[in-house]
Amino acid sequence: MKCVISVLGKDRSGIVAAVAVVLAECGANIDDISQTILNDIFSMTMLTTLDTEKADFDTVQDKLKAVGEDLGVQIIIQREDVFQYMYKI
C-alpha cells in the first residue's frame with residue numbers, strides 16, 4: 001500500500017532517523033523523500049510502501065503518532081489513493 005507521510009515541527013536532530021526506524025520496524029519502504037528547514041521549522045514529505053502483512057495502516061499510524069509526540073512534531077500518514085483523490089479538481 002502506497003502512503004504519503006508528512007512531518008512538520010520545530011527542527012531538532014533525530015527526526016528523520018526516528019521516523020525511518022519506525023517505518024523499518026513495520027517493514028515499510030521509503031520510496032521518495034523531500035525535506036527542508038525554513039527558519040528552524042522542519043518539513044518532510046515521504047512516499048512510502050507499507051507491507052501490510054507485517055503492519056497494517058492503523059498500526060503504522062499509531063507508531064508514527066507516538067514518535068511524533070516524543071519528538072514534538074506533527075506526523076500525518078495518508079493512503080496515497082485518498083491523498084490523490086483529495087487534490088483532484
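Leu 8 is partly exposed, with a relative accessible area of 41%. That value falls between the cut-offs of 20% for buried and 50% for exposed. The model is a predicted one.

Leu 8 belongs to strand β1.

Now follow the strand itself. Strand β1 covers residues 2–10 and pairs with β4 in the antiparallel sense. Seven bridges hold that pairing. Val 4 stands opposite Gln 78 of β4. β1 also runs antiparallel to β3, and nine bridges join these two strands.

Step back to the whole sheet. It is open and has four strands, in the order β2-β3-β1-β4. The pairing is antiparallel. Which strands stand at the edges? They are β2, residues 29–38, and β4, residues 73–79. Each has a single partner strand, so one side of each is left without a neighbour in the sheet. On average, neighbouring strands are turned by 10° against each other, with direction ignored. In a regular strand, side chains alternate between the two faces of the sheet.

Next come the helices. Helix α1, residues 15–25, lies across β1, β2, β3 and β4. Its direction runs at about 20° to β3, the strand of residues 41–49. Helix α2, residues 57–71, packs on the sheet as well. α2 touches β1 and β4, and its direction makes about 165° with that of β4.

The last stop is Glu 80, found in helix α3, which spans residues 80–86. Is Glu 80 buried, exposed or partly exposed? Glu 80 is partly exposed, at a relative accessible area of 23%. Which residues does Glu 80 touch, leaving out those up to four places away in sequence? The contacts are Lys 2, Cys 3, Val 4 and Leu 47. Glu 80 and Gly 9 are 71 residues apart along the chain, and their C-alpha atoms are separated by 22 Å.

How values were computed: Residues are numbered from 1 along each chain as its sequence is written. This is a predicted model: local features need pLDDT of at least 70, side-chain atom pairs count only at pLDDT 80 or more; totals for chains, interfaces and linings use all residues. Side-chain values use heavy atoms; hydrogens and water are left out. Two strands pair if DSSP finds at least two bridges between them. Axes are lines fitted to C-alpha atoms, for helices over the stretch in contact, and angles run from 0 to 180 degrees between N-to-C directions. Contact means heavy atoms within 4.5 Å. Buried means under 20% relative accessible area, exposed over 50%, partly exposed in between (1.4 Å probe, protein chains only).
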